[in-house]
Amino acid sequence: MAFSAIKSGELVTLNDLHPSSPLFKNGASLRVTGKLQEYTVETAIAIIADGNKILKIDTQHLRDLSFRIGSVYQFIGELVVQPDNEAILQARVGRNVDGIDLNLYHQSLQVLRQFQADHLKNSTI
């Protein structure tokens with residue numbers, strides 16, 4: 001019996017998601033965080049923002065999550081890139097993370113990436 005493993009969502013900022021990024025590809029499993037700007041019940045599409053970057057989130061598979069404009073949310077899911085290079089994250093997990101300090105979150109993400117890069121460099125020597 002073949003198992004299709006669910007990949008963990010790679011931690012990314014909305015700034016990391018642009019057409020020239022290696023993360024900007026169909027099926028990339030990502031974890032994104034941003035402030036809810038808009039939510040449409042009929043389409044189950046949420047729009048989150050982080051700074052001046054935005055991302056559409058398809059929330060149709062999420063249950064028991066209430067959306068409040070201005071609250072901060074984190075989503076894990078797979079990226080779908082449209083032919084016009086518009087990206088939509090098909091969320092499989094979502095949670096409200098109000099209270100998170102987004103500046104501190106970004107700093108910790110930079111430290112984590114530096115640690116991973118150093119560890120990778122040291123393990124290849």
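Trainee: Which residue in S2 stands opposite Leu11?
Mentor: Arg31 in S2 stands opposite Leu11. Keep in mind that this is a predicted model.

Trainee: OK. In which sense do S1 and S2 pair there?
Mentor: They pair in the parallel sense, over two bridges. S1 covers residues 10-11, and S2 covers residues 29-40.

Trainee: And S2 with S5, parallel or antiparallel?
Mentor: Antiparallel, with seven bridges. S5 takes in residues 72-81.

Trainee: What is the bridge partner of Leu30 in S5?
Mentor: Gly77 is the partner of Leu30.

Trainee: How many bridges join S2 to S3?
Mentor: Five, and the two strands run antiparallel. S3 is residues 45-50. One of the pairs sets Lys35 against Ala49 in S3.

Trainee: What lies between S2 and S3?
Mentor: Four residues, and the two strands form a hairpin. Ala44 sits in that turn, and its phi is positive, about 60°.

Trainee: Switching to the core. Which residues touch the most other members of the largest nonpolar core?
Mentor: Val32, Leu55, Ile57, Phe75 and Leu79 do. That core has 21 residues.

Trainee: Which strands each supply at least two residues of it?
Mentor: S2, S3, S4, S5 and S6 do. S4 is 53-58 and S6 is 87-96.

Trainee: Where does the largest share come from?
Mentor: From S5, with four residues.

Note on methods: Residues numbered from 1 in each chain as written. Predicted model: local features only at pLDDT ≥ 70, side-chain atom pairs only at ≥ 80, totals over all residues. Heavy atoms only, no water. Pairing = 2+ DSSP bridges. Core = buried A, V, L, I, M, F, W, Y, C linked by side-chain atoms within 4.5 Å. Buried < 20%, exposed > 50% of the residue type's maximum accessible area, 1.4 Å probe, protein only.
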